[in-house]
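Reader: Please guide me through the sheets and the packed helices of this structure.

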Amino acid sequence: MLKPNANYAKLNESYLFFNIARKVKAYQQKNPNKKLLHLGIGDVSLPLCEAVINELHNAVNEQSDEKTFHGYMPECGAPFLRERISDYYKSKGIEIEPDEVFVSSGASDELGDIQDLFDKSSNALIIEPAYPAYVDANTMAGREIIHFPSGEKDRFAPYPDKNVKADIIYICSPNNPTGAVFTREKLASWVEYANKNGSVILFDAAYEAFIEDEEIPHSIFEIDGARSCAIEICSLSKTAGFTGTRLGYTIIPKDLEKQGMNLNAMWVRNRTTKTNGVSYIIQKGAAAVFTPEGQKQIKENINVYKHNAKILADAFDSIGLWYCGGKNAPYLWVKCPDGMKSWEFFDYLLNELQIIGTPGVGFGKNADGYFRFTSFGSKEETLLAAERIKTFLKNA
Ligand code: PLP
């Protein structure tokens with residue numbers, strides 16, 4: 001008899017965004033004339049840049065002509081895009097060959113799918129607070145999860161604990177939700193740990209383009225020894241506004257071997273079985289991101305978000321609110337004032353200041369009492385929100 005995957009029954013209900021929407025709707029029904037300021041948005045608000053749009057149009061036109069039409073794409077990615085991504089890494093001094101780059105439809109897809117490389121008995125260490133998909137994907141797979149806490153002491157970027165035996169290790173830097181970044185030294189300690197233990201680090205670099213401090217690594221492969229213990233998962237979603245267009249890439253070094261099995265070769269086998277690749281049109285648009293013009297244009301958009309982050313950071317600094325992130329990341333992780341819990345602070349901000357953010361408690365361990373603000377909203381709303389925060393929270 002067919003048995004459904006019982007692990008789905010172990011998933012925590014995702015109340016977070018449902019509850020936010022419910023509370024906001026109720027508030028607006030009661031107060032139809034109040035303008036709400038949105039600082040909880042996890043999606044980008046600026047459109048694709050011109051270089052990408054032009055290339056998407058060109059690719060659509062190619063598909064209309066028999067002579068330039070493209071059918072199936074290579075499963076692991078079009079060579080022109082794999083080469084551009086490899087060159088992007090080389091421009092940062094990191095040697096990644098085109099056949100170590102796997103083009104995907106986005107980081108979320110890969111973060112779940114990549115588990116196919118590991119036996120069910122391998123556990124997963126997740127540094128929390130964390131992007132909720134890590135816990136959910138591993139729960140669906142029936143994997144044992146080590147909920148590894150981070151906190152204010154380590155600025156939400158902890159060192160490994162040699163007494164904990166982890167097989168798969170999720171590290172996200174710059175981090176969603178905390179905006180924290182891992183220094184070179186911290187990443188080196190995780191790489192050393194992983195190589196000693198035979199673990200694999202899944203490095204989520206979805207926000208690497210927001211890094212501005214030179215000493216913060218953009219890639220795990222800037223760290224010596226990472227090629228024998230790490231996979232990097234990246235996305236153009238936040239880098240270039242591809243949240244609805246969909247494109248990501250995964251780097252698996254050819255020398256990444258565990259117990260005699262080569263993970264790059266295994267992933268080639270996986271992709272050639274489980275996908276027929278990403279659309280030609282989208283890959284052409286993505287390739288434009290890696291041209292000098294594309295890089296210049298996406299940076300202009302990222303700078304708009306970074307400016308919003310700075311407006312919020314300055315407001316928090318001026319009233320002495322504890323936070324991390326905001327400099328190398330689009331997220332600011334605030335300690336709720338007055339010992340408030342996350343939902344209490346949410347209600348206060350909504351009802352008193354008409355600001356919507358995200359209660360930290362939805363992101364796992366050590367997250368209650370914290371709150372996530374994002375910089376993806378409009379500059380006007382961010383400025384208004386910062387003014388209200390400075391005026392009303394000063395004495396909170
Ligand atoms: N990883 C992190 C940390 C994210 O915050 C997100 C999206 O918000 C993703 C991955 C998913 O990216 P994608 O849109 O490429 O699926």
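The questions below treat the sheets and then a pair of helices.

Author: This is a predicted model, in which local features need pLDDT of at least 70 and side-chain atom pairs count only at pLDDT 80 or more, while totals for chains, interfaces and linings use all residues. Residues are numbered from 1 along each chain as its sequence is written, and side-chain values use heavy atoms, with hydrogens and water left out.

Reader: In what order do the strands of the open sheet with mixed pairing stand?

Author: Strands (E, at least two residues) and helices (H or I, at least four) are DSSP runs, numbered from the N terminus. Two strands pair if DSSP finds at least two bridges between them. With mixed pairing, 7 strands form this open sheet in the order 2-8-7-6-5-3-4.

Reader: Why is one side of strand 2 and of strand 4 left without a neighbour in the sheet?

Author: Strand 2 (101-104) and strand 4 (145-149) each have a single partner strand, so one side of each has no neighbour in the sheet. Both therefore stand at the edges.

Reader: Which residue of strand 8 is the bridge partner of Val101?

Author: Strand 2 and strand 8 (residues 248-251) run antiparallel and are joined by 4 bridges. The bridge partner of Val101 in strand 8 is Ile251.

Reader: What angle does helix 8 make with strand 2?

Author: Helix 8 (residues 263-274) packs on the sheet and touches strand 2, strand 6 and strand 7 (230-235); contact means heavy atoms within 4.5 Å. Axes are lines fitted to C-alpha atoms, for helices over the stretch in contact, and angles run from 0 to 180 degrees between N-to-C directions. The direction of helix 8 makes with that of strand 2 an angle of about 30°.

Reader: How far apart are the axes of helix 2 and helix 9?

Author: Helix 2 (residues 50-63) and helix 9 (residues 280-289) pack at an angle of about 150°. Among the residues in contact are Leu56 of helix 2 and Ile281 of helix 9. The axes of the two helices are 8 Å apart.

Reader: How many residues of this contact of helix 2 with helix 9 are charged?

Author: Asp, Glu, Lys and Arg count as charged, Ala, Val, Leu, Ile, Met, Phe, Trp, Tyr, Cys and Pro as nonpolar, and the others, Gly among them, as polar. The contact has 10 nonpolar and 2 polar residues. The number of charged residues is 3.
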